[in-house]
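Please look over the chain shown here before reading on.

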Amino acid sequence: MFGFWAAITHPKLSRLWPARRFAAFPNLPAAMTMSDVSSTAEKVQDLRNRIFHHEPLISRNLLSDYSQIDALLGWIC
């Protein structure tokens, strides 16, 4: 589930990431931290949850949402 993957990037679990960060996110810019990844993953999860619960998206900035999804996928791939 996506919620699990978003939660595992949370700063509370930062001890998991020092040796694995570059393996999991090979394209993450050096200036970015796991807190940045966590923040982006939480925003993408929020969008996913709103879609899943059939909430209206008309007031959202969908270009921004798309940028966050694209960035997160880019860090992984």
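A pocket is an open set of grid points, where a 1.4 Å probe fits, with protein on both sides within 12 Å along at least five of seven lines. The model discussed here is predicted, and in it the largest pocket holds about 250 Å³ of space. Its lining is made up of 15 residues, and those that lie nearest the centre of the pocket are Phe2, Trp5, Phe25, Leu72 and Ile76. Sorted by class, the lining of the largest pocket has 14 nonpolar residues and 1 polar residue, with no charged residues.

The protein chain as a whole contains 4 helices and 0 strands, and its C-alpha atoms fill a box of roughly 40 × 20 × 15 Å along the principal axes. The helices in the table each supply at least two residues of the lining of the largest pocket.

| Helix | Residues |
|---|---|
| H1 | 2-8 |
| H3 | 34-52 |
| H4 | 62-76 |

Two packed helices are described by the angle between their axes and the distance between the axes. For H3 and H4, the axes come within 9 Å and cross at roughly 130 degrees, which means that H3 is oblique to H4. The crossing in which H3 passes H4 is left-handed.

Which residues of H3 meet H4? On the H3 side they are Asp36, Val37, Thr40, Ala41, Lys43, Val44 and Leu47, while H4 brings Asp65, Gln68, Ile69, Leu72 and Trp75 to the contact. Taken by class, the residues of this contact of H3 with H4 are 7 nonpolar, 2 polar and 3 charged.

Conventions
Residues numbered from 1 in each chain as written. Predicted model: local features only at pLDDT ≥ 70, side-chain atom pairs only at ≥ 80, totals over all residues. Heavy atoms only, no water. 1 Å grid on protein atoms, 1.4 Å probe; cavity = no way out; pocket = protein on both sides within 12 Å on 5 of 7 lines; lining within 4 Å. Points joined across faces, edges and corners; volume = space filled by probe spheres on them. Nonpolar A, V, L, I, M, F, W, Y, C, P; charged D, E, K, R; others polar. Axes fitted to C-alpha atoms, helices over the stretch in contact; angles between N-to-C directions. Parallel < 35°, antiparallel > 145°, perpendicular 65-115°, else oblique. Left-handed = near helix turned anticlockwise from the far one by under 90°. Contact = heavy atoms within 4.5 Å.
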